[in-house]
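Please keep the structure in view while going through the numbered points.

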Amino acid sequence: MPGPSRLPVQPGLRRGLAACAAASLLLAGLGLGGPALALDSPKGRVILTISGSGLKANQDGRVALDMDMLAALPQRSITVNTPWYPDARKFTGPLLRDVLALAGARGSSIEAYALNDYRVSIPMEDVLQHPVILARLMDDQPMSVRDKGPLFIIYPFDDDRRLRTSIYYSRCAWQLKALEIR
């Protein structure tokens, strides 16, 4: 008697199923699904803190991340034209939505705070709809505070013309130090 047969899965369907699985993990990490994994404590200098209710706090009631923790997340690179540089620059770092998923963030907006006390509100929709990067490298090099580092929120301006407005440019906080989930 023959064993159970397997129906062939089309490559497009396989990619779709993989995308659904990835989306389920993302939604779970953003507090829109099941429980997320525990978060280790930073071993190096804390470079970013995330606060808000319901987070997977790992230090003093908030999420504290060092550069190695951010580098351990899947990295994305984009080369993009911005209003701050005369030529396109390459930015590399994790997607902001991956950082928020790691923290177990839940909310509808993100308050981003910079070292120079700049503060901007970013709708959670932005990070779910667009591949917004939390850049930690520019042109494959760490960014100093003088060069808008160590962290810089970057939107994919060249991929979507609708993002080339002062509203989205203002949401690109550089010298980022903290996020507050609301």
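1. In which sense do β5 and strand β6 (residues 119-123) pair, and over how many bridges? The two strands pair in the antiparallel sense, over five bridges. Helices (H or I, at least four residues) and strands (E, at least two) are DSSP runs, numbered from the N terminus, and two strands pair if DSSP finds at least two bridges between them. Ile110 stands opposite Ile122 in β6. β5 and β6 form a hairpin with four residues between them, and Asp117 in the turn has a positive phi of about 75°.

2. On the basis of the note: this is a predicted model, in which local features need pLDDT of at least 70 and side-chain atom pairs count only at pLDDT 80 or more, while totals for chains, interfaces and linings use all residues. Residues are numbered from 1 along each chain as its sequence is written, and side-chain values use heavy atoms, with hydrogens and water left out.

3. On the chain as a whole: the secondary structure comes to five helices and eleven strands. Buried residues make up 43% of the 182 residues in the chain; buried means under 20% relative accessible area, exposed over 50%, and partly exposed in between (1.4 Å probe, protein chains only). Of the contacts with a separation of 6 or more, 60% come from residues 24 or more positions apart, a contact being heavy atoms within 4.5 Å.

4. On the surroundings of β5: strand β5 (residues 109-114) also pairs with β11, in the antiparallel sense and over five bridges. In β11, Leu179 is the bridge partner of Ala112, and Leu176 stands opposite Ala114. In a regular strand the side chains alternate between the two faces of the sheet. In β5, Ser109, Glu111 and Tyr113 point one way and Ile110, Ala112 and Ala114 the other way, and all are buried. β11 (residues 176-181) is also joined to strand β1 (residues 46-51) by three bridges, and these two run parallel. Within this pairing, Ser51 has Glu180 as its bridge partner.

5. On the open sheet: four strands are arranged in the order β3-β4-β8-β9, with antiparallel pairing. Its edge strands are β3 (76-80) and β9 (141-142), each pairing on one side only. Strands β4 (residues 89-93) and β8 (residues 137-138) are joined by two bridges, and Thr92 has Leu137 as its bridge partner in β8.

6. On the core: the largest nonpolar core has 45 residues, of which Leu48, Ile50 and Ile153 touch the most other members. Helix α3 (residues 96-103) gives the most to this core, with four residues. A nonpolar core is here a set of buried Ala, Val, Leu, Ile, Met, Phe, Trp, Tyr and Cys residues joined through side-chain atoms within 4.5 Å. Leaving aside neighbours within four places in sequence, the contacts of Ile153 include Leu96, Ala112, Ile122 and Leu176. Helix α3 is mostly covered, with six of its eight residues buried; among them are Leu96, Val99 and Leu100. Gly104, which follows α3, has a positive phi near 75°.

7. On the aromatic residues: the structure holds ten aromatic pairs. Rings of Phe, Tyr and Trp (its six-membered ring) pair if their centres lie within 6.5 Å; planes under 30 degrees apart count as stacked, over 60 as edge-to-face and the rest as tilted. Tyr85 and Phe91 form a tilted pair, 6.4 Å centre to centre with 50° between the planes. Tyr85 counts as buried because its relative accessibility is 14%, and Phe91 is buried at 0%. Arg89 lies over the face of Tyr85, at 4.7 Å from the ring centre. The charged end of Arg171 sits over the ring of Tyr168, 5.0 Å from its centre. The criterion is NZ of Lys or CZ of Arg within 6 Å of the ring centre and within 35 degrees of the ring normal.

8. On Asn58: this residue lies in the loop between β1 and β2 (63-66). Is Asn58 buried or exposed? Asn58 is buried, because its relative accessible area is 13%. The Asn58 side chain reaches the backbone nitrogen of Ala64 at 2.7 Å. Not counting residues up to four places away in sequence, Asn58 touches several others, including Leu39, Pro42 and Met69.

Technical notes
Polar contact = N/O pair within 3.5 Å; in protein donor to acceptor, adjacent residues only side chain to side chain.
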